[in-house]
Amino acid sequence: MYAPDRWQDMQWMRRAISLAAMCPPAAGAYSVGALIVDEDGNEIAAGYSRESDPREHAEEAALGKADHRLLAGATLYSTLEPCSQRHSPRTPCAQRILEAGIPRVVIAWREPSLFVDDCIGYEQLVEAGVVVVELHELAASAKEVNAHLGGLA
């Protein structure tokens, strides 16, 4: 499994935040960036919310581009906690990550109760044995790209 040091995690998360900045702002959705790094430390896929569809989540976009044979030792970086439920009929991102077999997830911040009362993506992943790391130091930067939603600080 890819398990870099904290400095490397921070560098990858900064890349994810730059992807989040590419999201078209939407009044009812977060701007999120996600990328997947294989066990050798190479970026294998990246995506951001609403990249190709107005309901597409960042993790969904990245997973859709990834070679699934490389995911067993990979780390997924997401600027926001993967969702545990969705308003659309699509599969929640935490479930997608579990189905893909990704053993490690790094996030910048947990989903607040703006659109979903109780996001438990973090808990679902941990309960399934996924290593989840939260980079509190970059939460403010991840929130900045969501200024269109107001009051997230």
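Good morning. The structure before you is a predicted model, and I shall go from the whole chain to single residues.

I begin with the overall form. The protein chain has 153 residues, and a compact globule with that number of residues would have a radius of gyration near 15 Å. The value for this chain is 14 Å, which agrees with that expectation. Taken along the principal axes, the box filled by the C-alpha atoms is roughly 40 × 35 × 30 Å. Of the 153 residues, 52% are buried. The accessible surface comes to about 7100 Å², and carbon and sulfur atoms hold 50% of that surface. Consider also the contacts in the chain with a separation of 6 or more: 73% of them join residues 24 or more positions apart.

Next, the secondary structure. The chain contains 5 helices and 5 strands. If you read along the sequence, these elements follow the pattern α-β-β-α-β-α-β-α-β-α.

How are the strands arranged? They form an open sheet of 5 strands in the order E2-E1-E3-E4-E5, and the pairing is mixed. At the edges are E2 and E5, the latter covering residues 131–134, and each of these strands pairs on one side only. From one strand to the next, the twist averages 15°. Let us look at one pair in detail. E1 and E2 are antiparallel and share 5 bridges. Val 37 has Glu 43, in E2, as its bridge partner.

Now to the helices. Helix H1, residues 6–20, lies across E1, E2, E3, E4 and E5, and it runs at about 135° to E1. Why is H2 described as largely enclosed by the rest of the structure? The reason is that 6 of its 8 residues are buried. The buried residues are Ala 58, Glu 59, Glu 60, Ala 61, Ala 62 and Leu 63. They pack against strands E1, E2 and E3, and also against helix H3, residues 93–100.

Glu 81 sits in the loop between E3 and H3. Is Glu 81 buried or exposed? Its relative accessible area is 3%, and because buried means under 20%, Glu 81 counts as buried. Which residues is Glu 81 in contact with, once its neighbours within four places in sequence are left aside? Among them are Glu 59, Ile 107, Trp 109, Arg 110 and Cys 119. Glu 59 brings us back to helix H2, where this residue is one of those buried. Tyr 122 is also in contact with Glu 81, and here the side chain of Glu 81 reaches the backbone nitrogen of Tyr 122 at 2.8 Å.

The second residue is Arg 69, which is found in the loop between H2 and E3. Arg 69 has a relative accessible area of 73%, and because exposed means over 50%, this residue counts as exposed. Its side chain is joined to the side chain of Asp 67 by a polar contact of 2.7 Å.

Thank you for your attention.

Conventions. Residues are numbered from 1 along each chain as its sequence is written. This is a predicted model: local features need pLDDT of at least 70, side-chain atom pairs count only at pLDDT 80 or more; totals for chains, interfaces and linings use all residues. Side-chain values use heavy atoms; hydrogens and water are left out. Buried means under 20% relative accessible area, exposed over 50%, partly exposed in between (1.4 Å probe, protein chains only). Helices (H or I, at least four residues) and strands (E, at least two) are DSSP runs, numbered from the N terminus. Contact means heavy atoms within 4.5 Å. Two strands pair if DSSP finds at least two bridges between them. Axes are lines fitted to C-alpha atoms, for helices over the stretch in contact, and angles run from 0 to 180 degrees between N-to-C directions. The radius of gyration is taken over C-alpha atoms; the globule rule is 2.2 Å times the number of residues to the power 0.38. Accessible areas come from the Shrake-Rupley method with a 1.4 Å probe; for residues, only the protein chains shown count as cover. A polar contact is a pair of N or O atoms within 3.5 Å; within protein, one must be able to donate a hydrogen and the other to accept it, and residues adjacent in sequence count only if both atoms are side-chain atoms.
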